[in-house]
Amino acid sequence: MLFSATFSKKVQFIGLQYMKDYVYLSIGRIGQTNEFIKQIILFVKDHEKDSSLLKNIKTDNGLIIVFVRTKLRASQLEDLLNKNGIACD
């Protein structure tokens, strides 16, 4: 399985070549945000990222998706959220 928030044409082509029973599923209009999704972009210094994320997660209701660059950072973020009583996967 392959999941992504963005699928370039190249990635779609790879999926067609290597995946059995390839299915491409899109939610909403491609290239546009869904009207039911609230996007927040915050510009913070590296050392402020964790505290800023915790502050915003605690004040927001609903499901939240956080994108990170590496598997290591995802693991670190999971640890941080769990230690602060925030369930995550």
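Helices (H or I, at least four residues) and strands (E, at least two) are DSSP runs, numbered from the N terminus. The structure is a predicted model, in which local features need pLDDT of at least 70 and side-chain atom pairs count only at pLDDT 80 or more, while totals for chains, interfaces and linings use all residues. Residues are numbered from 1 along each chain as its sequence is written, and side-chain values use heavy atoms, with hydrogens and water left out.

The chain contains 3 helices and 0 strands, and its elements follow the order α-α-α from the N terminus on. Of its 89 residues, 12% are buried, where buried denotes under 20% relative accessible area, exposed over 50%, and partly exposed in between (1.4 Å probe, protein chains only). The accessible surface of the chain amounts to about 8,700 Å², as given by the Shrake-Rupley method with a 1.4 Å probe, only the protein chains shown counting as cover for residues. Carbon and sulfur atoms account for 56% of that surface. Contact is taken to mean heavy atoms within 4.5 Å. Among contacts between residues at least 6 apart in sequence, 30% join residues at least 24 apart.

The packing of helix 2 (residues 49-59) and helix 3 (residues 71-83) may be considered next. Their axes come within 11 Å and cross at roughly 55 degrees; axes are lines fitted to C-alpha atoms, for helices over the stretch in contact, and angles run from 0 to 180 degrees between N-to-C directions. Helix 2 is therefore oblique to helix 3, since angles under 35 degrees count as roughly parallel, over 145 as roughly antiparallel, 65 to 115 as roughly perpendicular and the rest as oblique. At this contact, Asp50, Leu53, Leu54 and Ile57 of helix 2 meet Arg73, Leu77, Leu80 and Leu81 of helix 3. The residues of the contact comprise 6 nonpolar, no polar and 2 charged. In this classification Ala, Val, Leu, Ile, Met, Phe, Trp, Tyr, Cys and Pro are nonpolar, Asp, Glu, Lys and Arg are charged, and the others, Gly among them, are polar.

Within helix 2, Ser52, Leu53, Leu54 and Ile57 are buried, and the cover over the buried residues of this helix includes helix 3. Ser52 counts as buried because its relative accessibility is 16%. Apart from neighbours within four places in sequence, Ser52 is in contact with Leu42 and Val44.

Two further residues complete the description. Ser26 is found in the loop between helix 1 (9-18) and helix 2, and its relative accessible area of 32% makes it partly exposed. Ser26 is 19 residues from Phe7 in sequence, with 9.6 Å between their C-alpha atoms. Glu78, in helix 3, is likewise partly exposed, with a relative accessible area of 34%. Glu78 and Asp89 are separated by 11 residues in sequence and by 7.3 Å in space, C-alpha to C-alpha.
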